[in-house]
Amino acid sequence: VQLQASGGGLVQPGGSLRLSCAASGSIFSINAMGWYRQAPGKQRELVARITSEGSTNYVDSVKGRFTISRDNAKKMVYLQMNSLKPEDTAVYYCNAAILPHYGTGYSDYWGQGTLVTVSS
């Protein structure tokens, strides 16, 4: 089982980016999926989370600007980031609670991280 994140890059303040994360491998079920970020010198924080039913929650600093969504059939989660600010600069990690075919319970899996830089 692995998660593969993509879509990071350099963007000017006020710009937009869309992150994608694909889950692959011997997966029986995926529960909650989410995006975390870690800025230099700071702890990793939860940015947005979406349950298997589609309920979402966001950290206050991105509410109204970021939108998390998922495609259960494709085993993917997305993060649409609009009105980006320099303080959004960080490495973004996708996360998912996955039950493998060979497993006995859900475990947390992490993507490799994708760098988002917001700068003029």
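Arg65 is a buried residue, with a relative accessible area of 9%; here buried means under 20% relative accessible area, exposed means over 50%, and partly exposed is anything in between (1.4 Å probe, protein chains only). The model is a predicted one, so local features need pLDDT of at least 70 and side-chain atom pairs count only at pLDDT 80 or more, while totals for chains, interfaces and linings use all residues. Residues are numbered from 1 along each chain as its sequence is written, and side-chain values use heavy atoms, with hydrogens and water left out.

Arg65 has a partner in Asp88: the two form a salt bridge, and their closest N and O atoms are 2.7 Å apart. This pair ties together distant parts of the chain, 23 residues apart, with Asp88 sitting in the loop between strand S8 (76–81) and strand S9 (90–100) and Arg65 in the loop between strand S6 (56–58) and strand S7 (66–71). Strands (E, at least two residues) and helices (H or I, at least four) are DSSP runs, numbered from the N terminus. Asp88 is buried too, at 1% relative accessibility.

Side chains of opposite charge can pair when their charged atoms come close. Another of these bridges joins Glu45 to Arg37, again with 2.7 Å between the closest N and O atoms. Arg37 is buried at 6% relative accessibility, whereas Glu45 is partly exposed at 29%. Put together, Arg37, Glu45, Arg65 and Asp88 make up a network of salt bridges.

Asp60 and Lys63 also meet through their side chains, in a salt bridge of 2.9 Å, N to O. Asp60 is exposed, with a relative accessible area of 60%, and Lys63 is partly exposed at 49%.

The loops hold a few other details. In the loop between S7 and S8 sits Lys75, a residue other than glycine with a positive phi, near 60°. Lys75 is partly exposed, at 29% relative accessibility. Asn72 is also placed in the loop between S7 and S8 and is partly exposed at 45%. The C-alpha atom of Asn72 is 9.9 Å from that of Gly54, and the two residues are 18 apart along the chain. Over in the loop between S8 and S9 lies Ser83, partly exposed at 39% relative accessibility. Ser83 is not a glycine, yet its phi is positive, near 50°.

Terms used
Salt bridge = Lys/Arg side-chain N within 4 Å of Asp/Glu carboxyl O.
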